[in-house]
Amino acid sequence: MAVSGVVFIGFVLAHMYGNLKAFAGHDAFNDYAEHLREIGEPMLPHSGVLWILRVGLIAALVVHVYCAVTLWRRASSARSTKYVVKKNPGASRSSLMMRWGGVTILVFLVWHLLNFTIGKVNPQGGATNDPYNLLVDTFDVWWLTVIYLVAMVALGLHLHHGVWSAAQTLGWTGNAAKRQRAKAAGLVVALVISIGFSLVPLGVLAGIITK
């Protein structure tokens, strides 16, 4: 679970960088989107590398979800009777939200893929063959932007605890200083990714990113 989580952190950082290209305008964003499809040519077919990455990410997602379900089942079966009173005085809000936050992110991911990759749904009924315009048309709908921002909050909380948990699993928290660094890294990664992704929809709503 830790390793697949690290794979996703690398992916979302790269994806966030690509999204921020929207601030550079229509041509810069679309050129970036097309460049992703041309990587590896002519040794590989058009979009070949992109599909290799997609298959790898799907595999990592399956592993991550499988591990999450397995750990949840183990935790449930470890105690046959429920606690009369259950308190979590030492647990952070992000750790308590890990399970439901993960479900929220998974549901959002399905919509996100339908919206921008698989099928490409333009909520305003416009064209779907222009990545930049599809992005603007989507985030011009205020309630879709709200859904996106809620998903980013869930992602931030998930990353905040997930980075710490992964570091602990991989043996990187052997002393107090390392534990403190892992917690700081979790906070930084969570803030950078959640805020970075949120800038684009907020930029569209504010009229900074326009057609």
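At 25% relative accessibility, Gly102 counts as partly exposed, a class that lies between buried (under 20% relative accessible area) and exposed (over 50%), computed with a 1.4 Å probe and with protein chains only. Gly102 belongs to helix 5, residues 98-116, where helices are DSSP runs of H or I with at least four residues, strands are runs of E with at least two, and the numbering of elements starts from the N terminus. The model is predicted, with local features needing pLDDT of at least 70 and side-chain atom pairs counting only at pLDDT 80 or more, whereas totals for chains, interfaces and linings use all residues. Residues are numbered from 1 along each chain as its sequence is written, and side-chain values rest on heavy atoms, with hydrogens and water left out.

Gly102 is one of the contacts of His158, a residue of helix 7, which spans 142-169. Once neighbours within four places in sequence are set aside, His158 touches His64, Met98, Gly101, Gly102 and Ile105, a contact being heavy atoms within 4.5 Å. With a relative accessible area of 17%, His158 is buried, whereas Gly102 is partly exposed. A further distance places Gly102 in relation to Ile58: their C-alpha atoms are 15 Å from each other, and the two residues are 44 residues apart along the chain.

## Overall architecture

The protein chain has 8 helices and 0 strands, and its elements therefore read α-α-α-α-α-α-α-α from the N terminus on, under the DSSP rule given above. Along the principal axes, the C-alpha atoms fill a box of roughly 55 × 40 × 35 Å. Among contacts between residues at least 6 apart in sequence, 65% join residues that are at least 24 apart.

Of the 211 residues of the chain, 32% count as buried.

## Asn19 at the end of helix 1

Helix 1 covers residues 2-19 and contains Asn19, which is buried at 11% relative accessibility. Apart from neighbours within four places in sequence, Asn19 is in contact with Phe29, Tyr148, Phe197 and Val200.

## Charges and surface patches

The chain carries 17 positive and 8 negative charges, whose mean positions are 33 Å apart; Lys and Arg count as positive, Asp and Glu as negative, while His and the chain ends are not counted, and each charge is placed at NZ of Lys, CZ of Arg, CG of Asp or CD of Glu. Asp27, Asp31, Glu34, Glu38 and Glu41 form a negative surface patch, where patch members have over 30% relative accessible area and no salt bridge, like charges being joined within 9 Å and nonpolar side chains (Val, Leu, Ile, Met, Phe, Trp, Tyr) within 5 Å.

A nonpolar patch of about 550 Å² is made by Phe23, Leu187, Leu191, Ile195, Leu199 and Ile208. Leu199, which sits in helix 8 (residues 176-205), is partly exposed, with a relative accessible area of 38%.

## The salt bridge

The count comes to 1 salt bridge, the rule being a side-chain nitrogen of Lys or Arg within 4 Å of a carboxyl oxygen of Asp or Glu. The pair is Asp137 and Lys211, with an N to O distance of 2.8 Å. It links distant parts of the chain, since Asp137 lies in helix 6 (residues 131-139) and Lys211 in the segment after helix 8, 74 residues apart. Asp137 is buried at 6% relative accessibility, whereas Lys211 is exposed, with a relative accessible area of 62%. In general, side chains of opposite charge can pair when their charged atoms come close.

## The loop between helices 2 and 3

Glu41, a member of the negative patch, lies in the loop between helix 2 (26-38) and helix 3 (48-78) and is partly exposed, with a relative accessible area of 38%. A cis peptide bond, with omega of about 0 degrees, joins Glu41 to Pro42, and Pro42 is likewise placed in the loop between helix 2 and helix 3.

Ser47 lies in this loop too; although Ser47 is not a glycine, its phi is positive at about 70 degrees, and at 11% relative accessibility Ser47 counts as buried. As background to these backbone features, most residues other than glycine have a negative phi, and most peptide bonds are trans.

Conventions:
Accessible areas come from the Shrake-Rupley method with a 1.4 Å probe; for residues, only the protein chains shown count as cover.
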